[in-house]
Structures are given as structure tokens and as C-alpha cells.
Amino acid sequence: MHRTARVGLRLTRAQRARCYGLLRSAGDVWACVLEVNHWRWRHDAPPVVGYQALCRELSAAGPGTFGELDSTGARSVLRRYSDAWFAAAKRRHAGDLTARFPRRRRGLLPVRYYHGTYTLDRRRLRLPTAAGSRPLWLRLDRDVPYPMEQVRSVTLLAEGGRLWIEVTAEVPVTSYPQGAAPDPGRVAGVDLGVIHPYAVAGPDGHGLLVSGRAVRAEHRMHLADTKHRRRATAGQAPKPGQRGSRRWRQARRRARLVEGRHRRRIRQAQHEAAKTVIDWAVRHRVGTLTVGDPRGVLDLPAGRRHNLRLRQWQIGRAISMLRDKAELAGIVVHLVDERGTSSTCPTCRKRISKPAGRTMTCRLCNLTGHRDLFAAATIATRTPGRTPATEAGGGSSVTTAVVLPRTLTHRRAGRHLPGAGLSRRDPRRPHHTDHHHQRWRLVRHRRR
Ligand SMILES: [Zn+2]
């Protein structure tokens with residue numbers, strides 16, 4: 001399976017200028033294709049959309065048309081255009097008329113280079129450039145997290161005011177010693193949320209709660225910071241028609257950098273949270289994760305379109321990150337409808353009016369416990385069974401016995417975030433280690 005990691009760059013001013021030149025040239029290639037097809041559309045000619053056909057148009061344009069961008073880099077833009085066009089056509093064919101064919105120009109466009117066209121030597125990367133231009137060597141700010149022989153492509157892109165290299169590698173699925181592999185028969189239910197990004201109820205009464213408090217603190221601090229900065233720089237904003245001052249441009253650039261850093265922090269925290277779940281699952285040999293999807297999407301074969309939507313959603317990102325890491329660990333992920341799970345008693349299945357706090361109490365059977373974990377336990381019972389009826393798409397699920405979490409592991413996502421770390425808030429508390437378990441009695445039955 002393919003994995004992608006983003007690596008920062010350490011560049012001189014000249015190298016940075018050349019990288020931006022490549023991205024701008026890629027944007028020019030994109031604009032050219034749009035223009036050609038717009039011209040054809042006005043003359044009732046079919047658009048050129050196939051990758052091979054686009055490549056023929058490119059070679060007809062001749063070398064040197066797009067600055068330092070060489071033909072492999074330019075072709076990656078054509079590939080992107082072709083893929084986007086066919087994805088839109090497929091969606092429209094399926095009846096989704098909101099799907100748009102590519103039509104927007106973009107100033108900067110990522111450039112991808114496939115294996116064999118670039119040179120990667122630890123932290124040194126040489127990107128191919130057009131004939132006649134000097135070789136472009138770049139320095140990465142950290143080691144690529146994959147063995148060199150697994151790397152399949154590198155992509156140059158700009159995001160949040162910075163330049164990045166995305167390294168894509170083909171990574172084998174984790175192998176386990178005998179008897180230690182995740183068992184598909186061992187199921188855990190996963191409830192997604194904002195307070196707790198993941199609440200997990202697994203077999204043998206083991207549960208996991210991943211706290212997102214640090215992430216929310218980061219969001220809050222960033223918002224306050226942004227407001228403050230906006231107020232501070234409002235006086236420097238140019239009036240319509242007036243040229244922006246240098247100070248204003250600098251303030252804007254700084255704001256972009258801060259915005260980018262904020263997004264990276266959130267992303268890393270989300271990765272950590274998903275990794276926590278997978279590590280926990282592996283430790284408990286859970287081979288099936290049944291995830292409650294708040295959007296009511298069922299476990300249907302997910303096409304490209306569905307995957308794209310998932311990526312655009314924040315909740316979708318939590319799911320797709322979990323999916324990616326699960327796949328690598330050899331764990332199956334099912335998406336099921338989560339409707340009603342946070343307001344249903346897991347044991348007697350009676351409806352409970354929405355509790356105000358995190359604690360849920362059933363008046364009928366006097367069961368009380370953590371709402372998200374109860375939801376996760378109910379979600380686990382919705383795991384699609386492997387009966388012929390469900391294989392054929394019947395959609396019914398095999399009802400399994402509910403297992404309430406009794407032994408709980410607490411983890412927090414985004415421990416690296418400034419101002420939100422445990423150590424900062426209270427340095428006296430012992431440092432969390434990977435094997436640190438906080439156990440408590442989570443579920444108790446009151447007098448019957
Ligand atoms: Zn009950």
C-alpha cells in the first residue's frame with residue numbers, strides 16, 4: 001500500500017525562487033490545457049482529456065515553453081488534469097451534477113516526479129529541470145521516513161506559505177510474530193467525537209478514550225491569536241486601489257505562516273490520535289474496528305468519489321487516517337450507521353434522553369457509565385456479519401452481545417501542542433509513558 005509523508009525544505013533564497021518558478025510553470029501548463037479546451041469547446045470540438053493525447057499536445061508545444069519545468073514535471077500536471085476530468089465525468093455520469101470539470105486557473109500547482117526521474121540521497125534531492133538549466137539540488141529538513149528502495153515519487157508543493165516535498169512510498173503491511181497478529185474475530189467499536197476524537201470499546205471489557213482537549217485548546221488559542229493579529233494590522237491594510245505597503249505584505253505573509261503552522265499542528269495531533277487507536281488495537285489483538293459514521297454513510301463499496309468526500313471532511317479525515325493506519329497494521333475497518341448509539345442503553349437498548357454531561361444513566365436497568373464508550377459498545381454490535389445475505393448487500397448486521405468497557409486506557413491527542421501539555425500545566429504530575437495505564441472502574445451497576 002502507498003503512504004505519503006511531508007518533509008520540509010532548507011533552501012537558499014535562489015533555490016526557493018527556482019522552486020516557486022517550477023510551481024508557477026506547472027500552473028501555466030494547467031492554464032494552457034484549460035485554454036486549449038476552452039477554445040475547442042467554442043469551436044464545437046471535443047476536449048483533449050486523455051493523458052496520452054495531452055502529452056502529444058505538450059510535445060507539439062516544444063521544449064522550453066514552461067521555464068525550468070521539464071517534460072516529466074509538466075506531464076504530472078497533465079496526469080492531474082486528466083484524472084480530475086475523468087473523476088468529474090464519472091460523478092456526473094452517476095447523476096451528481098455538482099461535479100465540475102477542471103476550469104479554475106491556479107497560480108501554483110504541485111509538481112510530481114516519479115521514480116527514476118529524480119535523485120534522492122538521504123537529505124539531498126535533485127529534481128529534474130528543463131534541458132539547458134542548472135541542476136536543482138534541494139536539502140530536506142529531515143530524513144525521509146521510508147527506506148529509499150520503497151520511495152515511488154516525490155512531489156514539490158507550496159502550502160501555508162512554505163515549500164514542501166511529499167514523499168510517497170510503497171510500504172508492506174506489518175508482519176507479526178506467530179499468535180500476535182490482530183484477530184478479525186476480536187471486534188472493537190469506535191465512536192467519533194469532538195471532545196473525544198475516538199472512544200473505543202473492545203473485547204474482554206477493554207476500552208480506550210482519546211482526549212482531544214489539547215487540540216481544542218490549540219484551536220482556541222489560534223483563534224484568539226488570529227483576532228489579535230488582525231486588530232493589530234488593520235491599520236496597515238491598503239485601501240481599494242492603493243498599493244499594499246511592505247509592512248502590510250509582511251504581516252500577511254506572517255499570518256499565512258502562522259495559519260500553516262496551526263494546520264500542521266492539528267494534522268499531527270489527528271495522526272497521533274489515530275495512531276493511538278491502532279497501537280491499542282494491536283496490543284489487544286483487535287482485528288476488526290467498527291466505526292460509527294455520523295454522516296449515516298453505510299459500509300458500501302467506497303469509490304473514488306466517496307473517498308474524496310471523506311478527505312474533505314474533518315470527520316472524514318479522522319476516518320481516513322484511521323483506515324490508512326489500520327490497513328497497514330492488517331486491521332479491517334467497517335463503517336456503520338451510528339444513529340441513536342449515543343442515546344441508547346447498550347444493555348437493554350431502551351432510549352435514554354440525551355444526557356447533559358459525559359455520563360449516561362439508564363433508568364430502566366440502572367446502568368451508568370461514559371456516554372461515548374457506551375456508544376462505542378453499541379456500535380461494536382453493528383459489525384456487519386459475514387453471512388451470505390450481507391455479502392450480497394442486504395445490509396443487515398449480525399447482532400453480537402454487547403461488551404461494556406471495564407478497563408480503560410486514557411490517552412490524549414496532541415501532547416506536543418504548546419500550552420496544552422500535561423507537563424506545562426502541572427509539572428508535578430508524572431510523565432506519561434507509552435505503557436502507562438490509568439485504570440479505573442468505569443461501569444458499575446447500581447442496586448437493582
Ligand atoms: Zn438499560
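This is a predicted model: local features need pLDDT of at least 70, side-chain atom pairs count only at pLDDT 80 or more; totals for chains, interfaces and linings use all residues.

Biologist: How are the donor residues of the zinc ion spaced in sequence?

Modeller: The zinc ion is held by the SG atoms of Cys-345, Cys-348, Cys-362 and Cys-365, at 2.2 to 2.3 Å. Written along the sequence, those donor residues give C-x2-C-x13-C-x2-C.

Biologist: And which parts does the pair Cys-348 and Cys-362 tie together?

Modeller: Cys-348 sits in the loop between strands S12 (332-337) and S13 (359-361). Cys-362 is in the loop between S13 and strand S14 (367-370), so the pair links parts that are 14 residues apart in sequence.

Biologist: Is Cys-362 buried or exposed?

Modeller: Buried means under 20% relative accessible area. Cys-348, at 26%, is partly exposed. Cys-362 has 3% relative accessibility, so it counts as buried.

Biologist: What is the geometry at the zinc ion?

Modeller: Four donors count as tetrahedral if all angles lie between 85 and 135 degrees. Here the 4 donor atoms make angles of 105 to 126°, so by that cut-off the site is tetrahedral.

Biologist: How far does helix H1 reach from its first C-alpha to its last?

Modeller: H1 covers residues 13-42, which is 30 residues. At 1.5 Å a residue you'd expect 44 Å, and the helix comes close to that with 43 Å.

Methods:
Residues are numbered from 1 along each chain as its sequence is written. Side-chain values use heavy atoms; hydrogens and water are left out. Donors are N, O and S atoms within 2.8 Å of the metal (3.2 Å for Na, K and Ca); water is not among the atoms, so sites may look incomplete. Four donors count as tetrahedral if all angles lie between 85 and 135 degrees; four count as square planar and six as octahedral if opposite donors are over 155 degrees apart and all others between 65 and 115; anything else is irregular. Helices (H or I, at least four residues) and strands (E, at least two) are DSSP runs, numbered from the N terminus. Buried means under 20% relative accessible area, exposed over 50%, partly exposed in between (1.4 Å probe, protein chains only). The expected span of a helix is 1.5 Å times one less than its number of residues.
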